[in-house]
Amino acid sequence: MSNLPFSRSEVFGELRKELHEDKEFDQSAHIFIIMGASGDLAKKKIYPTLWWLFRDGLLPEQTYFVGFARSDLTIDAIRTSCLPYLKATDKDAERLSAFFSRNTYISGKYADESSFSKLDTHITSLPGGPEANRLFYLALPPTVYHDVSKNIKHRCMSTKGWTRVIVEKPFGHDLQSSEELSTHLSSLFTEDQIYRIDHYLGKEMVQNLMVLRFGNRIFGPIWNRDSLACVVLTFKEPFGTQGRGGYFDDFGIIRDVMQNHLLQMLCLVAMEKPASTSSDDVRDEKVKVLKCIAPVPISDVVLGQYVGNPEGEGDEKLGYLDDPTVPKGSTQATFTAAVLYVHNERWDGVPFILRCGKALNERKAEVRLQFTDVPGDIFGNQCRRNELVVRVQPNEAVYAKMMSKKPGVYFSPEETELDLTYKSRYKDVKLPDAYERLILDVFCGSQMHFVRSDELREAWRIFTPLLHHIDREKPKPIPYKYGSRGPTEADDLSKKVGFRYEGTYKWVNPHRL
(Lines give C-alpha, C1' and ligand atoms only; values in the text may rest on other atoms or scores of the structure.)
Protein backbone atom coordinates (compact mmCIF):
# COMPACT_ATOMS: atom_id res chain seq x y z
CA MET A 1 0.00 0.00 0.00
CA SER A 2 1.49 3.34 -1.06
CA ASN A 3 2.03 5.98 1.61
CA LEU A 4 1.42 8.83 -0.81
CA PRO A 5 -1.52 11.02 0.20
CA PHE A 6 -4.77 10.28 -1.64
CA SER A 7 -6.03 12.66 -4.30
CA ARG A 8 -9.56 14.03 -3.93
CA SER A 9 -11.02 11.42 -6.30
CA GLU A 10 -9.27 8.58 -4.44
CA VAL A 11 -10.50 9.86 -1.07
CA PHE A 12 -14.07 9.99 -2.36
CA GLY A 13 -13.61 6.63 -4.10
CA GLU A 14 -12.64 5.00 -0.78
CA LEU A 15 -15.49 6.75 1.02
CA ARG A 16 -18.03 5.68 -1.63
CA LYS A 17 -16.84 2.10 -1.34
CA GLU A 18 -17.31 2.15 2.45
CA LEU A 19 -20.71 3.81 2.28
CA HIS A 20 -22.14 1.69 -0.49
CA GLU A 21 -21.04 -1.57 1.13
CA ASP A 22 -23.61 -0.65 3.79
CA LYS A 23 -26.74 -2.19 2.26
CA GLU A 24 -29.14 -0.20 4.46
CA PHE A 25 -27.42 3.06 3.43
CA ASP A 26 -27.46 2.41 -0.29
CA GLN A 27 -30.65 0.46 -0.95
CA SER A 28 -33.17 2.51 1.05
CA ALA A 29 -34.78 5.61 -0.40
CA HIS A 30 -33.88 8.82 1.46
CA ILE A 31 -35.74 12.12 1.34
CA PHE A 32 -33.99 15.26 2.59
CA ILE A 33 -36.42 18.05 3.52
CA ILE A 34 -35.07 21.61 3.86
CA MET A 35 -37.37 23.59 6.17
CA GLY A 36 -36.72 27.25 5.41
CA ALA A 37 -35.66 26.59 1.81
CA SER A 38 -36.04 30.27 0.88
CA GLY A 39 -33.56 31.49 3.50
CA ASP A 40 -29.90 32.49 3.40
CA LEU A 41 -28.60 29.37 5.15
CA ALA A 42 -30.37 27.11 2.63
CA LYS A 43 -29.11 29.11 -0.34
CA LYS A 44 -25.50 29.54 0.82
CA LYS A 45 -24.85 26.30 2.70
CA ILE A 46 -27.44 23.52 2.57
CA TYR A 47 -28.28 23.33 -1.14
CA PRO A 48 -24.58 23.73 -2.10
CA THR A 49 -23.58 20.98 0.38
CA LEU A 50 -26.24 18.58 -0.92
CA TRP A 51 -25.09 19.31 -4.46
CA TRP A 52 -21.43 18.57 -3.62
CA LEU A 53 -22.37 15.29 -1.93
CA PHE A 54 -24.58 14.35 -4.89
CA ARG A 55 -21.90 15.36 -7.44
CA ASP A 56 -19.28 13.20 -5.72
CA GLY A 57 -21.58 10.18 -5.52
CA LEU A 58 -21.61 10.12 -1.71
CA LEU A 59 -25.38 10.06 -1.19
CA PRO A 60 -27.52 6.92 -1.39
CA GLU A 61 -28.58 6.17 -4.97
CA GLN A 62 -32.24 6.93 -4.32
CA THR A 63 -32.13 10.36 -2.64
CA TYR A 64 -34.63 13.14 -3.27
CA PHE A 65 -34.74 16.71 -1.95
CA VAL A 66 -37.78 18.71 -0.91
CA GLY A 67 -37.76 22.42 -0.06
CA PHE A 68 -40.42 23.85 2.25
CA ALA A 69 -41.01 27.53 3.14
CA ARG A 70 -43.71 30.17 3.23
CA SER A 71 -42.67 31.85 -0.05
CA ASP A 72 -44.09 30.88 -3.45
CA LEU A 73 -40.97 29.54 -5.15
CA THR A 74 -40.08 27.35 -8.11
CA ILE A 75 -37.10 25.01 -8.39
CA ASP A 76 -35.76 27.28 -11.14
CA ALA A 77 -35.84 30.23 -8.72
CA ILE A 78 -34.00 28.17 -6.05
CA ARG A 79 -31.44 27.07 -8.63
CA THR A 80 -30.82 30.68 -9.74
CA SER A 81 -30.39 31.96 -6.16
CA CYS A 82 -28.05 29.06 -5.20
CA LEU A 83 -25.92 29.09 -8.36
CA PRO A 84 -23.27 31.59 -7.14
CA TYR A 85 -22.55 29.27 -4.16
CA LEU A 86 -22.54 25.88 -5.93
CA LYS A 87 -19.00 26.14 -7.42
CA ALA A 88 -20.30 24.25 -10.46
CA THR A 89 -18.15 24.18 -13.62
CA ASP A 90 -19.25 23.72 -17.25
CA LYS A 91 -18.39 20.03 -17.09
CA ASP A 92 -20.82 19.64 -14.16
CA ALA A 93 -23.79 20.85 -16.25
CA GLU A 94 -25.36 17.42 -16.84
CA ARG A 95 -24.85 16.30 -13.23
CA LEU A 96 -26.25 19.62 -11.97
CA SER A 97 -29.40 19.15 -14.05
CA ALA A 98 -29.74 15.64 -12.59
CA PHE A 99 -29.44 17.10 -9.09
CA PHE A 100 -32.16 19.72 -9.61
CA SER A 101 -34.41 17.15 -11.32
CA ARG A 102 -34.50 15.40 -7.92
CA ASN A 103 -35.54 18.62 -6.17
CA THR A 104 -39.13 19.68 -5.52
CA TYR A 105 -40.64 22.52 -3.52
CA ILE A 106 -43.80 22.91 -1.43
CA SER A 107 -44.95 26.19 0.10
CA GLY A 108 -46.85 26.24 3.38
CA LYS A 109 -47.16 27.81 6.81
CA TYR A 110 -44.94 26.59 9.67
CA ALA A 111 -47.75 26.69 12.25
CA ASP A 112 -50.34 25.08 9.98
CA GLU A 113 -50.89 21.31 10.35
CA SER A 114 -52.62 21.06 6.97
CA SER A 115 -49.45 22.43 5.26
CA PHE A 116 -47.51 19.54 6.82
CA SER A 117 -50.18 17.03 5.74
CA LYS A 118 -49.70 18.38 2.19
CA LEU A 119 -45.91 18.00 2.62
CA ASP A 120 -46.36 14.42 3.85
CA THR A 121 -48.54 13.54 0.86
CA HIS A 122 -45.91 15.01 -1.45
CA ILE A 123 -43.05 13.07 0.23
CA THR A 124 -45.06 9.82 -0.02
CA SER A 125 -45.65 10.43 -3.75
CA LEU A 126 -41.89 10.50 -4.50
CA PRO A 127 -40.15 7.32 -5.75
CA GLY A 128 -39.75 4.98 -2.76
CA GLY A 129 -41.57 7.61 -0.67
CA PRO A 130 -43.81 5.38 1.48
CA GLU A 131 -40.77 3.44 2.84
CA ALA A 132 -38.20 6.23 2.63
CA ASN A 133 -36.02 7.46 5.48
CA ARG A 134 -36.65 11.14 6.16
CA LEU A 135 -34.13 13.84 7.15
CA PHE A 136 -35.51 17.24 8.15
CA TYR A 137 -33.08 20.19 8.25
CA LEU A 138 -34.48 23.07 10.33
CA ALA A 139 -32.82 26.04 8.59
CA LEU A 140 -35.17 28.33 10.49
CA PRO A 141 -35.24 31.02 13.17
CA PRO A 142 -35.66 29.46 16.66
CA THR A 143 -39.02 31.23 17.06
CA VAL A 144 -40.69 28.66 14.78
CA TYR A 145 -38.91 25.52 16.09
CA HIS A 146 -41.79 24.60 18.40
CA ASP A 147 -44.48 24.67 15.69
CA VAL A 148 -42.34 23.02 13.02
CA SER A 149 -41.04 20.19 15.23
CA LYS A 150 -44.56 19.48 16.54
CA ASN A 151 -46.00 19.37 13.01
CA ILE A 152 -43.20 17.10 11.77
CA LYS A 153 -43.93 14.70 14.63
CA HIS A 154 -47.70 14.68 14.14
CA ARG A 155 -47.86 14.80 10.32
CA CYS A 156 -44.56 13.91 8.63
CA MET A 157 -42.82 10.98 10.36
CA SER A 158 -41.69 8.08 8.19
CA THR A 159 -43.91 5.07 8.89
CA LYS A 160 -41.48 2.39 7.66
CA GLY A 161 -38.03 4.04 7.69
CA TRP A 162 -36.30 6.30 10.22
CA THR A 163 -36.77 10.06 10.74
CA ARG A 164 -33.92 12.39 11.81
CA VAL A 165 -34.13 16.10 12.59
CA ILE A 166 -31.17 18.48 12.21
CA VAL A 167 -31.39 21.58 14.43
CA GLU A 168 -29.26 24.69 13.81
CA LYS A 169 -27.87 26.90 16.58
CA PRO A 170 -28.74 28.98 18.50
CA PHE A 171 -30.09 26.29 20.83
CA GLY A 172 -31.77 28.84 23.11
CA HIS A 173 -30.21 32.03 24.48
CA ASP A 174 -29.58 30.90 28.09
CA LEU A 175 -29.89 27.81 30.30
CA GLN A 176 -33.63 28.14 30.82
CA SER A 177 -34.61 28.70 27.15
CA SER A 178 -32.24 25.94 26.05
CA GLU A 179 -33.78 23.54 28.59
CA GLU A 180 -37.27 24.46 27.37
CA LEU A 181 -36.26 23.73 23.76
CA SER A 182 -34.55 20.45 24.77
CA THR A 183 -37.59 19.38 26.80
CA HIS A 184 -39.88 20.20 23.88
CA LEU A 185 -37.75 18.29 21.35
CA SER A 186 -37.31 15.28 23.67
CA SER A 187 -41.09 15.11 24.15
CA LEU A 188 -41.39 14.58 20.38
CA PHE A 189 -38.21 12.73 19.36
CA THR A 190 -35.67 10.36 20.92
CA GLU A 191 -32.10 11.63 21.41
CA ASP A 192 -30.90 9.44 18.50
CA GLN A 193 -33.30 11.27 16.17
CA ILE A 194 -32.04 14.77 17.10
CA TYR A 195 -28.88 16.16 15.47
CA ARG A 196 -27.85 19.54 16.96
CA ILE A 197 -25.38 20.84 14.42
CA ASP A 198 -22.32 22.90 15.37
CA HIS A 199 -20.45 23.19 12.07
CA TYR A 200 -17.12 23.63 13.89
CA LEU A 201 -17.28 19.95 14.84
CA GLY A 202 -17.16 19.15 11.11
CA LYS A 203 -13.86 20.93 10.52
CA GLU A 204 -10.83 18.80 9.63
CA MET A 205 -8.50 20.05 12.36
CA VAL A 206 -11.15 19.95 15.09
CA GLN A 207 -11.74 16.29 14.23
CA ASN A 208 -7.96 15.82 14.09
CA LEU A 209 -7.57 16.86 17.76
CA MET A 210 -8.67 13.40 18.91
CA VAL A 211 -6.21 11.58 16.64
CA LEU A 212 -3.36 13.91 17.61
CA ARG A 213 -4.01 13.35 21.29
CA PHE A 214 -4.87 9.69 21.46
CA GLY A 215 -2.99 8.33 18.43
CA ASN A 216 0.48 9.63 19.41
CA ARG A 217 2.59 8.43 22.33
CA ILE A 218 4.69 11.62 22.42
CA PHE A 219 1.82 13.87 23.51
CA GLY A 220 0.20 11.70 26.18
CA PRO A 221 2.67 12.27 29.06
CA ILE A 222 2.92 16.06 28.54
CA TRP A 223 -0.77 16.87 27.97
CA ASN A 224 -1.47 17.99 31.55
CA ARG A 225 -0.88 20.54 34.33
CA ASP A 226 2.71 19.34 34.90
CA SER A 227 3.87 20.51 31.47
CA LEU A 228 1.35 23.08 30.25
CA ALA A 229 1.31 26.73 31.37
CA CYS A 230 -1.94 27.56 29.55
CA VAL A 231 -4.20 26.75 26.60
CA VAL A 232 -5.43 29.52 24.28
CA LEU A 233 -8.43 28.97 21.98
CA THR A 234 -8.88 31.72 19.40
CA PHE A 235 -11.54 32.64 16.85
CA LYS A 236 -10.91 35.83 14.83
CA GLU A 237 -12.85 37.39 11.95
CA PRO A 238 -11.46 40.32 9.93
CA PHE A 239 -14.93 41.75 9.11
CA GLY A 240 -17.68 43.41 11.12
CA THR A 241 -21.40 42.67 11.25
CA GLN A 242 -21.91 43.85 7.63
CA GLY A 243 -25.64 44.54 7.85
CA ARG A 244 -26.34 41.53 10.10
CA GLY A 245 -26.06 43.75 13.16
CA GLY A 246 -29.72 43.37 14.13
CA TYR A 247 -29.38 39.58 14.46
CA PHE A 248 -25.95 39.82 16.06
CA ASP A 249 -27.07 42.42 18.61
CA ASP A 250 -29.67 39.99 19.96
CA PHE A 251 -27.08 37.28 20.57
CA GLY A 252 -23.59 38.77 20.84
CA ILE A 253 -20.20 37.12 20.39
CA ILE A 254 -20.41 34.91 23.52
CA ARG A 255 -23.61 33.19 22.36
CA ASP A 256 -22.53 33.26 18.71
CA VAL A 257 -19.03 31.74 19.07
CA MET A 258 -17.67 31.23 22.59
CA GLN A 259 -20.42 29.16 24.22
CA ASN A 260 -20.43 26.69 21.31
CA HIS A 261 -17.48 26.62 18.87
CA LEU A 262 -14.72 27.49 21.37
CA LEU A 263 -16.17 25.42 24.21
CA GLN A 264 -16.45 22.38 21.91
CA MET A 265 -12.76 22.75 21.00
CA LEU A 266 -11.89 23.10 24.69
CA CYS A 267 -13.65 19.79 25.39
CA LEU A 268 -11.65 17.96 22.71
CA VAL A 269 -8.39 19.38 24.11
CA ALA A 270 -9.20 18.64 27.75
CA MET A 271 -11.18 15.38 27.74
CA GLU A 272 -9.84 12.01 28.89
CA LYS A 273 -9.41 9.16 26.41
CA PRO A 274 -12.87 7.72 25.61
CA ALA A 275 -13.48 3.96 25.87
CA SER A 276 -13.95 3.89 22.08
CA THR A 277 -14.64 6.25 19.18
CA SER A 278 -18.37 5.56 19.39
CA SER A 279 -20.54 8.68 19.53
CA ASP A 280 -21.71 8.29 23.10
CA ASP A 281 -18.32 7.30 24.52
CA VAL A 282 -16.78 10.48 23.06
CA ARG A 283 -19.65 12.70 24.20
CA ASP A 284 -19.60 11.17 27.70
CA GLU A 285 -16.00 12.38 28.11
CA LYS A 286 -16.84 15.86 26.81
CA VAL A 287 -19.65 16.18 29.36
CA LYS A 288 -17.27 15.17 32.18
CA VAL A 289 -14.95 18.06 31.22
CA LEU A 290 -17.81 20.57 31.17
CA LYS A 291 -18.99 19.42 34.61
CA CYS A 292 -15.56 20.37 36.00
CA ILE A 293 -15.82 24.00 34.82
CA ALA A 294 -17.32 26.59 37.18
CA PRO A 295 -19.48 29.44 35.79
CA VAL A 296 -17.29 32.27 34.43
CA PRO A 297 -17.03 35.31 36.75
CA ILE A 298 -17.12 38.77 35.13
CA SER A 299 -13.70 39.47 36.73
CA ASP A 300 -12.17 36.88 34.32
CA VAL A 301 -13.71 38.49 31.24
CA VAL A 302 -12.81 41.39 28.91
CA LEU A 303 -15.56 42.77 26.62
CA GLY A 304 -14.79 44.91 23.58
CA GLN A 305 -16.67 46.62 20.75
CA TYR A 306 -15.05 47.72 17.49
CA VAL A 307 -14.95 51.35 16.39
CA GLY A 308 -14.06 52.70 12.96
CA ASN A 309 -10.44 53.08 11.95
CA PRO A 310 -10.00 56.60 10.46
CA GLU A 311 -6.96 55.38 8.46
CA GLY A 312 -8.82 52.31 7.18
CA GLU A 313 -10.52 51.73 3.83
CA GLY A 314 -14.19 51.07 3.05
CA ASP A 315 -15.93 49.18 5.89
CA GLU A 316 -12.87 49.61 8.14
CA LYS A 317 -13.87 53.22 8.71
CA LEU A 318 -17.18 52.06 10.23
CA GLY A 319 -17.65 51.01 13.84
CA TYR A 320 -20.26 48.55 15.15
CA LEU A 321 -22.61 51.41 16.09
CA ASP A 322 -22.39 52.76 12.51
CA ASP A 323 -24.19 49.64 11.22
CA PRO A 324 -27.75 50.91 10.55
CA THR A 325 -29.24 47.58 11.74
CA VAL A 326 -27.62 47.95 15.21
CA PRO A 327 -29.74 49.68 17.90
CA LYS A 328 -28.46 53.15 18.77
CA GLY A 329 -26.09 53.17 21.76
CA SER A 330 -25.88 49.34 21.93
CA THR A 331 -23.42 47.94 24.49
CA GLN A 332 -23.28 44.51 22.81
CA ALA A 333 -19.72 43.07 22.78
CA THR A 334 -18.14 42.18 19.43
CA PHE A 335 -15.02 40.83 21.20
CA THR A 336 -14.68 38.73 24.33
CA ALA A 337 -11.74 37.18 26.16
CA ALA A 338 -12.56 34.86 29.07
CA VAL A 339 -10.53 32.57 31.32
CA LEU A 340 -11.96 29.17 32.29
CA TYR A 341 -10.50 26.53 34.62
CA VAL A 342 -11.12 22.78 34.47
CA HIS A 343 -11.10 21.63 38.10
CA ASN A 344 -9.86 18.06 37.80
CA GLU A 345 -6.67 16.10 38.38
CA ARG A 346 -5.26 16.63 34.87
CA TRP A 347 -5.95 20.36 34.49
CA ASP A 348 -6.21 21.93 37.95
CA GLY A 349 -4.74 25.46 37.83
CA VAL A 350 -4.19 25.58 34.03
CA PRO A 351 -5.99 28.60 32.50
CA PHE A 352 -7.98 28.01 29.31
CA ILE A 353 -8.07 31.42 27.61
CA LEU A 354 -10.93 31.81 25.11
CA ARG A 355 -10.70 34.76 22.70
CA CYS A 356 -13.13 35.61 19.93
CA GLY A 357 -14.03 38.73 18.02
CA LYS A 358 -15.10 40.51 14.86
CA ALA A 359 -13.34 43.24 12.85
CA LEU A 360 -9.91 42.00 13.96
CA ASN A 361 -6.58 41.95 12.11
CA GLU A 362 -6.94 38.50 10.50
CA ARG A 363 -9.15 35.47 9.94
CA LYS A 364 -7.97 32.69 12.23
CA ALA A 365 -9.20 29.87 14.43
CA GLU A 366 -6.66 27.88 16.41
CA VAL A 367 -5.81 25.96 19.56
CA ARG A 368 -2.47 26.92 21.17
CA LEU A 369 -0.93 24.90 23.98
CA GLN A 370 1.88 26.82 25.68
CA PHE A 371 4.28 24.73 27.74
CA THR A 372 6.01 25.78 30.95
CA ASP A 373 9.59 27.07 31.03
CA VAL A 374 12.45 24.58 30.88
CA PRO A 375 13.62 24.07 34.50
CA GLY A 376 17.32 24.65 35.21
CA ASP A 377 17.96 26.95 32.23
CA ILE A 378 21.62 26.84 31.07
CA PHE A 379 21.23 29.18 28.06
CA GLY A 380 21.00 32.53 29.84
CA ASN A 381 17.28 33.18 29.31
CA GLN A 382 17.56 32.77 25.54
CA CYS A 383 14.98 29.96 25.38
CA ARG A 384 11.34 30.67 24.61
CA ARG A 385 8.43 28.53 25.69
CA ASN A 386 7.49 25.59 23.46
CA GLU A 387 4.05 25.72 21.88
CA LEU A 388 1.91 23.21 20.03
CA VAL A 389 -0.49 24.96 17.67
CA VAL A 390 -3.43 23.39 15.81
CA ARG A 391 -4.67 25.86 13.20
CA VAL A 392 -8.27 25.12 12.29
CA GLN A 393 -8.58 27.83 9.62
CA PRO A 394 -7.33 29.13 7.26
CA ASN A 395 -4.49 26.94 5.93
CA GLU A 396 -4.99 23.94 8.24
CA ALA A 397 -1.78 23.06 10.06
CA VAL A 398 -0.23 21.49 13.15
CA TYR A 399 3.10 22.92 14.22
CA ALA A 400 5.30 22.80 17.29
CA LYS A 401 7.42 25.84 18.19
CA MET A 402 10.71 24.68 19.66
CA MET A 403 14.30 25.75 20.26
CA SER A 404 17.19 24.66 18.06
CA LYS A 405 20.85 25.64 17.77
CA LYS A 406 21.41 28.56 15.45
CA PRO A 407 23.23 27.23 12.36
CA GLY A 408 26.91 28.05 12.01
CA VAL A 409 29.65 28.74 14.51
CA TYR A 410 27.28 30.10 17.19
CA PHE A 411 26.24 28.06 20.18
CA SER A 412 23.02 29.91 20.85
CA PRO A 413 19.45 28.69 20.62
CA GLU A 414 16.82 30.13 18.26
CA GLU A 415 13.12 29.50 17.73
CA THR A 416 12.07 27.17 14.93
CA GLU A 417 9.22 24.76 14.25
CA LEU A 418 8.22 21.24 13.37
CA ASP A 419 5.62 21.95 10.74
CA LEU A 420 2.74 19.93 9.31
CA THR A 421 0.98 22.39 7.00
CA TYR A 422 -1.74 20.44 5.25
CA LYS A 423 -1.50 22.04 1.83
CA SER A 424 2.24 21.22 1.72
CA ARG A 425 1.95 17.64 3.02
CA TYR A 426 -1.34 16.77 1.30
CA LYS A 427 -0.95 18.72 -1.93
CA ASP A 428 -3.87 17.49 -4.05
CA VAL A 429 -6.38 16.71 -1.36
CA LYS A 430 -9.32 19.05 -1.21
CA LEU A 431 -10.75 18.83 2.30
CA PRO A 432 -14.52 18.39 2.45
CA ASP A 433 -16.55 21.30 3.77
CA ALA A 434 -17.67 20.96 7.41
CA TYR A 435 -21.33 20.78 6.38
CA GLU A 436 -20.52 17.97 3.89
CA ARG A 437 -19.06 15.81 6.65
CA LEU A 438 -21.89 16.55 9.07
CA ILE A 439 -24.78 15.99 6.67
CA LEU A 440 -23.16 12.73 5.57
CA ASP A 441 -22.90 11.77 9.27
CA VAL A 442 -26.68 12.28 9.59
CA PHE A 443 -27.32 9.97 6.62
CA CYS A 444 -25.04 7.38 8.26
CA GLY A 445 -26.52 7.82 11.75
CA SER A 446 -23.26 8.94 13.39
CA GLN A 447 -23.79 11.49 16.18
CA MET A 448 -20.18 11.85 17.36
CA HIS A 449 -19.84 15.35 15.89
CA PHE A 450 -23.22 16.60 17.12
CA VAL A 451 -24.15 18.13 20.46
CA ARG A 452 -26.02 16.01 23.00
CA SER A 453 -28.66 17.55 25.30
CA ASP A 454 -26.58 17.10 28.50
CA GLU A 455 -23.55 18.72 26.78
CA LEU A 456 -25.71 21.67 25.85
CA ARG A 457 -27.06 21.97 29.40
CA GLU A 458 -23.55 22.10 30.90
CA ALA A 459 -22.33 24.61 28.30
CA TRP A 460 -25.19 26.98 29.13
CA ARG A 461 -24.66 26.45 32.88
CA ILE A 462 -21.10 27.78 32.50
CA PHE A 463 -22.07 30.95 30.60
CA THR A 464 -25.64 31.82 31.70
CA PRO A 465 -24.73 33.71 34.94
CA LEU A 466 -22.22 35.84 32.97
CA LEU A 467 -24.73 36.48 30.15
CA HIS A 468 -27.45 37.46 32.63
CA HIS A 469 -25.02 39.83 34.38
CA ILE A 470 -24.12 41.47 31.04
CA ASP A 471 -27.78 41.71 29.95
CA ARG A 472 -28.77 43.21 33.30
CA GLU A 473 -25.85 45.58 34.02
CA LYS A 474 -25.00 46.42 30.39
CA PRO A 475 -21.28 47.07 31.10
CA LYS A 476 -19.73 49.39 28.53
CA PRO A 477 -17.38 47.38 26.27
CA ILE A 478 -13.82 48.62 25.68
CA PRO A 479 -13.50 50.21 22.21
CA TYR A 480 -10.91 48.73 19.83
CA LYS A 481 -10.03 49.80 16.29
CA TYR A 482 -11.35 47.86 13.28
CA GLY A 483 -8.41 45.77 12.04
CA SER A 484 -6.53 45.63 15.38
CA ARG A 485 -5.81 42.62 17.63
CA GLY A 486 -8.65 43.65 19.96
CA PRO A 487 -8.48 45.53 23.29
CA THR A 488 -5.02 45.55 24.93
CA GLU A 489 -6.83 44.70 28.20
CA ALA A 490 -7.41 41.20 26.76
CA ASP A 491 -3.64 40.75 26.38
CA ASP A 492 -3.20 41.98 29.94
CA LEU A 493 -5.72 39.38 31.17
CA SER A 494 -3.86 36.58 29.33
CA LYS A 495 -0.53 37.75 30.75
CA LYS A 496 -1.98 37.95 34.26
CA VAL A 497 -3.07 34.29 34.21
CA GLY A 498 0.25 33.03 32.83
CA PHE A 499 0.34 33.28 29.02
CA ARG A 500 3.60 34.64 27.72
CA TYR A 501 3.73 36.43 24.37
CA GLU A 502 7.35 36.89 23.26
CA GLY A 503 6.73 38.34 19.77
CA THR A 504 10.13 37.04 18.60
CA TYR A 505 9.04 34.04 16.49
CA LYS A 506 9.22 34.44 12.70
CA TRP A 507 7.82 31.71 10.46
CA VAL A 508 9.80 31.09 7.25
CA ASN A 509 7.99 29.38 4.39
CA PRO A 510 10.25 26.37 3.60
CA HIS A 511 8.85 26.19 0.06
CA ARG A 512 10.12 29.66 -0.80
CA LEU A 513 13.68 29.24 0.44
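Q: At roughly what angle do the axes of helix H8 and helix H14 cross?
A: This is a predicted model, where local features need pLDDT of at least 70, side-chain atom pairs count only at pLDDT 80 or more, and totals for chains, interfaces and linings use all residues. Residues are numbered from 1 along each chain as its sequence is written, and side-chain values use heavy atoms, leaving out hydrogens and water. Helices (H or I, at least four residues) and strands (E, at least two) are DSSP runs numbered from the N terminus, and axes are lines fitted to C-alpha atoms, for helices over the stretch in contact, with angles from 0 to 180 degrees between N-to-C directions. H8 (residues 175-188) and H14 (residues 453-473) have axes that come within 9 Å and cross at roughly 165°.

Q: Which term describes the direction of H8 relative to H14?
A: Angles over 145 degrees count as roughly antiparallel, and those under 35 as roughly parallel. The crossing is roughly 165°, which makes H8 relative to H14 roughly antiparallel.

Q: How far apart are the axes of H7 and H8?
A: Helix H7 (residues 145-155) packs on H8 at about 10°, so the two are roughly parallel. Their axes lie apart by 10 Å.

Q: Which residue of E15 is the bridge partner of isoleucine 197?
A: Strand E6 (residues 194-197) and E15 run antiparallel, joined by two bridges; strands pair if DSSP finds at least two bridges between them. The partner of isoleucine 197 is phenylalanine 450.

Notes. Angles under 35 degrees count as roughly parallel, over 145 as roughly antiparallel, 65 to 115 as roughly perpendicular and the rest as oblique.
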